[in-house]
Amino acid sequence: MVSIALTIVGIICLSLFGLNYSVDFRAGSNVDITTSQKLTEAQVNPILDKLGIGEGTTINPGDDRMTIRFTNVLNEDEESQLKAEITKLDEKASFEVNTVDPEMAKELARNAIYAVLISCLGIIIYVSIRFEWRFAVAAIVSLLHDAFLVVAVFSIFRFEVDLTFIIAVLTIIGYSINDTIVIFDRIRENLRFSKLKTNHDLAELVNKSISQTIMRSIYTALTVFIAAFFLFLLGGESIRMFSLAMVIGLLFGAYSTIFIASPLWFVLKSKQKNKPAKAS
């Protein structure tokens, strides 16, 4: 019920707000300015208006860094003029300009979707061969749940989505399927030595398997969570969104492994019709 509620909230937020795409997925120019003193929007906005490039810009000031996001691609003259004007405010300012044209932005977004779908397809094939199709379906639903909720959180709080975010989602999928496979392997092992007569016996087997592996799953997620959390607090600006996505995804991954993947397999398995025994 909690998962369904979170998913519905996520769908509503994505429908209303969408995602805050970075320059990686939107055409335009992104100018990162490293400064020796703090610059404010009040200082920069007149410069943008003077150059005629102020419309549709987003300014993110910091203590020693400022990012200006342009919806249009800056040409060489506009770049040089902008650098000259900013240098008048801070002679030690350094610039990094990233530009993405519309076709490249569409291709990057398309390839990011392909990466997630192909990875899910590979997991389905592997788990189906290694275990059975019910395990594969339960695992993929769990993984999609994790990935979707991370995307929904980024949509709700308007965090920037860039290429490192896609890398984080794929990494989360890898960690989540690892924990899920551990529980599934224990379920399969316990099935070999059990005599199931009712669905209650099957439920007891699943509960027993989770209990036997839950501490291992928690310890694995916790150790990676600690590393990702401090990377988020102390890491550089370029990997901050990656670290944040990892922190959120690890929490959802640990939750879904226990509360979604295994119970969903139980539901699918309990509906299986046993074949009648052959006459001797």
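Visitor: Which residues line the largest cavity?
Guide: Keep in mind that this is a predicted model. The largest cavity holds about 80 Å³ of space, and helix 6, helix 7 and helix 8 each supply at least two residues of its lining. By class, that lining has six nonpolar, four polar and one charged residues. The lining residues are I172, Y175, S176, D179, T220, A221, V224, G249, L250, G253 and A254.

Visitor: Which element gives the largest share of the lining of the second largest cavity?
Guide: This cavity has a volume of about 30 Å³, and its lining is made by V31, L74, E79, L82, K83, F95 and V97. Two elements give two or more residues to that lining, namely helix 3 (76-89) and strand 5. The largest share, three residues, comes from helix 3.

Visitor: Why does the distance between the end C-alpha atoms of helix 7 agree with its number of residues?
Guide: Helix 7 covers residues 199-234, which makes 36 residues. At 1.5 Å a residue, the helix should therefore span 52 Å. The end C-alpha atoms agree with that, as they are 49 Å apart.

Visitor: Where does helix 7 bend by about 45°?
Guide: Let's look along the helix for buried residues, which include S209, I210, T213 and S217. What covers the buried residues of helix 7 includes helix 6 (163-192) and helix 8 (240-270). The bend of about 45° is at one of these buried residues, T213.

Visitor: How many charged residues are in the lining of the largest pocket?
Guide: About 850 Å³ of space lies in this pocket. Its lining has 28 residues, and N30, D32, T67, E160 and E237 lie nearest the centre. Among the elements that give two or more residues to this lining are strand 2 (28-34), strand 4 (65-70), helix 6 and helix 8. By class, the lining has seven nonpolar residues and 10 polar ones, while the number of charged residues is 11.

Visitor: And how many nonpolar residues are in the lining of the second largest pocket?
Guide: The second largest pocket has a volume of about 400 Å³. It is lined by 16 residues, with A112, I113, V116, V151 and I166 closest to its centre. Helix 4 (102-130) supplies the largest share, five residues. The lining has no polar and no charged residues, and its nonpolar residues number 16.

Methods. Residues are numbered from 1 along each chain as its sequence is written. This is a predicted model: local features need pLDDT of at least 70, side-chain atom pairs count only at pLDDT 80 or more; totals for chains, interfaces and linings use all residues. Side-chain values use heavy atoms; hydrogens and water are left out. Helices (H or I, at least four residues) and strands (E, at least two) are DSSP runs, numbered from the N terminus. The expected span of a helix is 1.5 Å times one less than its number of residues. The bend at a residue is the angle between axes fitted to the seven residues ending there and the seven starting there. Buried means under 20% relative accessible area, exposed over 50%, partly exposed in between (1.4 Å probe, protein chains only). Contact means heavy atoms within 4.5 Å. On a 1 Å grid over the protein atoms alone, a cavity is a set of points where a 1.4 Å probe fits but cannot get out, and a pocket is an open set with protein on both sides within 12 Å along at least five of seven lines; lining residues have an atom within 4 Å of a point. Grid points are joined across faces, edges and corners, and a volume is the space filled by probe spheres set on the points. Ala, Val, Leu, Ile, Met, Phe, Trp, Tyr, Cys and Pro count as nonpolar, Asp, Glu, Lys and Arg as charged, and the others, Gly among them, as polar.
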